[in-house]
Amino acid sequence: MSKRRGHENQAHRGGSEKRSRRRKHLYVVVDDWNKGFSIYKIDADGFDSYSDGEEDLTGAEGAAGRLPEPPAVRLESPGPDVPMFFTALGSKIFIVTDRRCGQTPALVFDTETAGLAIGPRVPAQLQCGFNVVVAADETLYAFSSPSYNKQDSFEVMSWAPTCLDQLDGYTRYPNEEAWSWKSLPAPPQPFDPYEIITSYALHPNGHTIFMTTSYRDRPSLKKSSYSFNTKNHAWRWHAWVLPFRGQGHFDSELDAWVGLHKDGYICSCRVASDSGSATPINLGLIQLDWQMGKNKLFRKDRERYVTASLTYMGRSKFCLVESVVREGVDKNYPFGDHCGCMLHMTVFGLKYNHKGELRTTNHQSTRSYVISKQRDEAFAPVAFWM
């Protein structure tokens, strides 16, 4: 594949030389205490390295450590079993403390200053939850799939000057900057309450968001593919499906999106054209050019697997975050304060070999931690590279 120099990193505010020289870390979010969540700052350079073909012993119980104390920040939930949501933009982590309640403001944690600020309240349209948030052009786009008694919604949050207005209980004056939400055109019909977004990716042009949906009760069965242009606010249908699950990350060296396949492998996918149909179109008419890596990255014991997520670190480098049940712990009752889970973090590179096949690079690094997990599969530990 030819190389394309595109927008490789998530959009972010600022961009000064001082910020670009700042050493980055992995900020890992876990539900490791009974009152809420913790964000840990981890140095990926301190991971244990091994070569392809060598046995990775860092996942063994005896080699596992503890997450570095104290955490960068600890967040107490508004109430028992209250769902919280985390996403990132530039150097900031946005925390929706209770996405079911519009009276609860979001929090903004700045990893550069360690400052914690109060952000805007979640719009009423998103109070039933949202499963996709995409950072593009210094803005966060949040999509809420429709529930059985509610319309779908598409909201955008950005930092910009405000008009004279009453926002979140405070008077905002002209030219005063603040984080604020506004509504965008929701997906056209036939997007219905029975489908959910199962995969999504940002085009390297920086302003086209692609998403593939599945049936709510059969997530492995693809239903439709859409795209949204953030410049002209136009929706389009597409005849193909994205092959990965969750978020796909564009890498310019590979000239492809990279994501997790449902079987535990890494897959790459040639970037699709941002053109599409203005009217509904059947799936399967076009197949995207994609391939799956040879090496399976998930841990071998699938019965003890809980969740996994993929973090993009730039320049064909990624971090796989896995949560699994510890050996000797009943896999049906691993949650609570008794350190029943392991957090495996593996940093690896990707490249195409001389045959054009996707392969992990020879050297990988990994680190494992013993953790408590409070909220079962409802929350997947996630890492942000910033």
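Predicted model: local features only at pLDDT ≥ 70, side-chain atom pairs only at ≥ 80, totals over all residues.
Local features need pLDDT of at least 70, side-chain atom pairs count only at pLDDT 80 or more, and totals for chains, interfaces and linings use all residues. Residues are numbered from 1 along each chain as its sequence is written, and side-chain values use heavy atoms, with hydrogens and water left out.

Student: How many residues of strand 24 are buried?
Tutor: Strands are DSSP runs (E, at least two residues), numbered from the N terminus. Buried means under 20% relative accessible area (1.4 Å probe, protein chains only). Strand 24 spans residues 317-325 and is largely enclosed by the rest of the structure, because the buried count is 8 of the 9.

Student: Which residue in the turn between strand 23 and strand 24 has a positive phi?
Tutor: Two strands pair if DSSP finds at least two bridges between them. Strand 23 (residues 305-314) runs antiparallel to strand 24, with 8 bridges. The two form a hairpin with 2 residues between them. The positive phi, about 55 degrees, belongs to Arg 315.

Student: Which residue of strand 25 stands opposite Lys 317?
Tutor: Strand 25 covers residues 341-352 and is antiparallel to strand 24. The two are joined by 9 bridges. Opposite Lys 317 stands Gly 349.

Student: Which residue in strand 4 stands opposite Phe 37?
Tutor: Strand 2 (residues 36-42) pairs with strand 4 over 4 bridges, in the antiparallel sense. Facing Phe 37 is Leu 75.

Conventions
Buried < 20%, exposed > 50% of the residue type's maximum accessible area, 1.4 Å probe, protein only.
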